[in-house]
Amino acid sequence: MKGNDRVAAVGVGYSTTGRRTGLTSWQLAIQAATAALADAGMTAKDLDGVALLWGVAGPAPEGLDVVDPQDLGYMLGVEELNWYGTAGPSYIGPALQAVAAIKAGFCHTVLTLRIINQAVSAKDRMAGLTEPTPAAGDSQFTAPFGSVSPVQSVAALPARRHMDLFGTTEAQFGAHVVAQRHHASMNDDAIFRDPLTVDDYLAARYISTPVRVLDCDYPVDSASAVIFTSGERARNWQKKPVYVDSAAYSSVKYMTFENLDDFTQSSPFHAGRELWKRTDLRPEDVDCAQLYDGFTIIVFQWLEALGFCGLGESGPFVEAGHTRLGGRIPVNTDGGACNVGRRHGANFCIEAIRQLRGECGDRQVPGAEVAVWANATGPFSGAMLMTAS
Amino acid sequence: MTMTERATALNTPPVPVPTAITEFFWEGVRSGELRILRCQACEYFVHYPRPLCNKCGSTDLAPERVSGRAIVYSYTWAVQAFHPYFKDRVPYNVAVVELVEQAGLRMTTNIVDCPPEALRTGMEVQVVFRQVGPELVLPLFRPAPVGTPVSASNEEKR
């Protein structure tokens, strides 16, 4: 089978984004797909693959519409798909599937999406629990003890471990929150744009110590889309192509954060090692890093995992201002999901592409040629290095 | 919804659903013993329970009683409740403890009989069995300094 040497991103788009938009998952998906096609200057007839992950945070309420990649291709008008896929984690799953399928030669142009329909809030979901809830599978060893939210297993327990092993402080978490809010202030699409101080951060309420409400991404209805195509087709479209230099996927142990072998070095460290093995570029060549901020501690993990600072050094690194625009490695230049709303990683891919196109206005990293974006953490995650040429 | 249903929901945390392979653990807890599945070929403790040993591949595994001594690996104080049982119980702690029998052999639990400010990573604890719901006993841990040498995972401080 004849494969493709290179893969490029040629179109990006977002749906309407917000809380309780009233839009169905299908409407969100079609909006984002249409925006990405328009950005590329292509029609659905130019696609031959769809990879997406649809979901809600928490169990889906009965009757919520599910978007399937086969259906979406058909609904957009692609009569025969050469490739379709649906796998996590988050958005890095569909993106890496698309890249792999194009490289392998299964297809040439893939629409990728992450669709999130946040139909039920945590508070409403809790109110709906009126009978004893079962803790099945491995959750029988965690949920009965009250580890019932990702804020505890994904964020609080690893964050506390990081603090106790390395001396990381809450003010250092705050320095990151303040820096990325500063970046959001230059992004018209951001939901939160008012500047913050570290004192504001320290005054914010805890959800589960040491994690505060400002450490958590902001749940919204949203769909995000990126179109990947083969290197030979990359210049057929209206926007400057951005190339995939290397990518890495990682799974370690199994899907229970509480039982990871190492809370401070989980799958991002594996993905980071593999990413740099697959390229001649080095961390010092990277102009901006877009690092998943489902919770603040994850950004700190990725800074260390990708080699921007040493193990355990992310706290002082962030506090010194190295991750602010103008610093050594600007991080989350769109403001991150805490400020633009939850996209489960897709906003970081889109921001990396926009930085490399030079479309970012006031928050543009001058002359950006290399960007990295990363998504998820713990048992599963991935990262992608992209270049402007 | 009847008042009885609401009361039931508030009186128990999520209830473990044992399977054929995990039943020994909960049976042990009910009889006041902490039992962990152990490979009979290479002596590796396999927790959470699995049908084979991930170290040597043997399917000859059997539950064994462990000391119940452990060291706190990490912890958090949950301030916002995400389940109705915990609504009136916040702040409550969730801890991950490492059993002294084997580096990396960990359990999620709650630390009890401990002043909030005393809960610390590296603290030595001992299992205790407590009834937390009408039909639910859980293995919890309480402070118990025993001069145990710290385990490998707690020595990785730089």
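User: What stands opposite Pro134(A) in S1(B)?

Analyst: Val15(B) does. The two strands, S5(A) and S1(B) (residues 15-16), pair in the parallel sense over two bridges. Pairing needs at least two DSSP bridges between the strands. Helices (H or I, at least four residues) and strands (E, at least two) are DSSP runs, numbered from the N terminus.

User: What kind of model is this, and how are residues numbered and chains lettered?

Analyst: It is a predicted model, where local features need pLDDT of at least 70 and side-chain atom pairs count only at pLDDT 80 or more, while totals for chains, interfaces and linings use all residues. Residues are numbered from 1 along each chain as its sequence is written, with chains lettered from A and ligands numbered from 1 in the order in which they are written.

User: Back to the A–B contact. How many residues does each chain put in?

Analyst: Chain A gives 37 residues and chain B gives 42. Contact means C-beta atoms, placed from the backbone, within 7 Å.

User: Which elements of chain A supply at least two residues each?

Analyst: Helix H4 (122-127), strand S5 (134-135), H5 and strand S6 (206-208). H5(A) has the largest share, seven residues.

User: What is the make-up by class on that side of chain A?

Analyst: There are 18 nonpolar, twelve polar and seven charged residues. Ala, Val, Leu, Ile, Met, Phe, Trp, Tyr, Cys and Pro count as nonpolar; Asp, Glu, Lys and Arg as charged; the others, Gly among them, as polar.

User: Where does it bend?

Analyst: H5(A) bends by about 30° at Ala156(A), and Pro158(A) follows within four residues. The bend is the angle between axes fitted to the seven residues ending there and the seven starting there.

User: Is H5(A) mostly covered or mostly open?

Analyst: Mostly covered, with 14 of its 17 residues buried. Buried means 20 or more other C-beta atoms within 10 Å of the residue's own, exposed means 12 or fewer, and partly exposed lies in between; C-beta atoms are placed from the backbone. Gly167(A) follows H5(A) with a positive phi, near 80°.

User: New topic. How is chain A divided?

Analyst: Domain 1 is 7-118 + 219-236, and domain 2 is 148-216 + 244-389. The bounds come from an automatic or database domain assignment. The C-alpha centres of the two domains lie 23 Å apart. In contact are 19 residues of domain 1 and 19 residues of domain 2.

User: Which parts of domain 1 touch domain 2?

Analyst: Strand S1 (7-14), helix H3 (92-104), strand S4 (109-116) and strand S8 (222-230) of chain A each supply at least two residues. By class, that side has 14 nonpolar, four polar and one charged residues.

User: And H3(A), how many of its residues are buried?

Analyst: Ten of 13. Among them are Ile92(A), Leu96(A) and Val99(A). Just after H3(A), Gly105(A) takes a positive phi of about 95°.

User: Which strand pairs with S10(A)?

Analyst: S11(A) (residues 370-377), in the parallel sense over four bridges. Ala371(A) is the bridge partner of Cys288(A). Both faces of S10(A) (residues 288-291) are covered: Cys288(A) and Gln290(A) are buried on one side, Ala289(A) and Leu291(A) on the other.

User: Last one. What is in chain B?

Analyst: Two helices and eight strands. Along the sequence they run α-β-α-β-β-β-β-β-β-β. Of its 158 residues, 30% count as buried.

Note on methods: Contact = placed C-beta atoms within 7 Å.
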